[in-house]
Structures are given as structure tokens and as C-alpha cells.
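Try each task before reading its solution.

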Amino acid sequence: MSVETTTAAEVMTRTLVTVEPEESPLMAWELMWRAGVHHLPVVDACCRLVGVLGREDVAAHWSGGPAEQSQAVVRTLVEGRRCPRVAPDAPLSEVAALMADADCGAVPVLGPADVLRGLVTTTDVLMALAGRRARPAGDPAGDPADDPVDVKGGLFHLEPVPSVTCP
């Protein structure tokens, strides 16, 4: 794989943990922590991108305790922000330039109807440049844009523990 001819689809992360726009920042933080990721795509019920939430976004928004964070929604953290995005056939050099220009650590890869197909992170770019990124399972000669994508929403919900008065 030559870096000059590499596309977003060839390096993007395909198995994603996502969060819905109405989830809480507390849930987003927990998902990031458990999945070991720095970015969560925020997607609607049809898997269309709303934005990308980073650890820094959640940390900057954090005030109060878990009860306050469970009442807020992540949609407010990504609304109105510019979120660069690319098509699966975008050259890796274009993806890297977008990341540098927008000062972001992840760029979503969108397919038809703006459906999320994957996420290119700085780690994905560095691995590709180092020649250490193997193609995911699938036909290595086939079109990587046709490979299956696994987008998972939150698998659990956190609820604030009610106050208990001890005798």
C-alpha cells in the first residue's frame, strides 16, 4: 500500500462505539473510558452523523457532579461546531490536511446519505504512514469501501444513584 494512493476507507477504523445526541456527557465519558477511545461519533437513529465528541470536549464541559452531567445532552457539546468529513475514496493526504487545518484528532468517513462508515484518527494516519496498518478482514483485493462497518451505540445506561438516608 503506497501512502500516495491510500484512501480513507483503507485506514479508517470500522468498528465504532457511538453515542446518540440525547445521551448524557456522563454516558459519553463512560463509553470512551470503557472502549479506550478518544473520540465518539454522535449519530442519530439512522446512523447519520451529528458530530464527533472528543474527551477534551467532555472535560471542558464538565462542571458539577455526575448528577448534573447525567441531565445534560451531548448534542449541546457538538452543535454549531465545524466537523470536517470525507468520503471513503478521499486520499489520505487530504484527510491529514483536513485534520491539521481543523485541529481535530478524528475525521468521520461518510457514505451515501451521510451515513457513518468509519472514523480516521491520528493513530490511523500514523499507522498508515509507518506501514503498520493491515487491511481489516475482508477481501484484500476488493474495494475497502464495501467492507462491513460495525457501528455500535451505547451498550448500557448509567443512572444516578438516589440519595439514601441512613438511620
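The exercises below concern a predicted model, and each comes with a worked solution.

**Exercise 1.** Decide whether E4 is buried or exposed, and find where E4 sits in the chain.

*Solution.* Start with the location: E4 belongs to the segment before α1 (8-11). Next, take the cut-off, which is over 50% relative accessible area for exposed. E4 has 68% relative accessibility, so E4 counts as exposed.

**Exercise 2.** Work out how β2 and β3 are arranged relative to each other.

*Solution.* First, locate strand β2 at residues 39-43 and strand β3 at residues 49-54. Then follow the connection: the strands form a hairpin with 5 residues between them, and C47 in the turn has a positive phi of about 70°. As for cover, 5 of the 6 residues of β3 are buried.

**Exercise 3.** Find which residues of α7 are buried and why they line one face of the helix.

*Solution.* In α7, the buried residues are D124, V125 and A128. Viewed down the helix axis, they fall within an arc of 100°, so they line one face. These buried residues pack against α1, α6 (92-102) and β5 (116-121). Now turn to L129, also in α7 (residues 122-129): together with V3 and L126, L129 forms a nonpolar surface patch with about 260 Å² of accessible area. Just after α7, G131 takes a positive phi of about 70°.

Conventions
Residues numbered from 1 in each chain as written. Predicted model: local features only at pLDDT ≥ 70, side-chain atom pairs only at ≥ 80, totals over all residues. Heavy atoms only, no water. Patch = residues over 30% accessible without salt bridge, like charges linked within 9 Å, V, L, I, M, F, W, Y side chains within 5 Å. Areas by Shrake-Rupley, 256 points an atom, 1.4 Å probe, with all protein chains shown as cover. Salt bridge = Lys/Arg side-chain N within 4 Å of Asp/Glu carboxyl O. Helix = DSSP H or I, 4+ residues; strand = E, 2+ residues; numbered from the N terminus. Buried < 20%, exposed > 50% of the residue type's maximum accessible area, 1.4 Å probe, protein only. Pairing = 2+ DSSP bridges. Arc of directions from axis to C-beta. Contact = heavy atoms within 4.5 Å.
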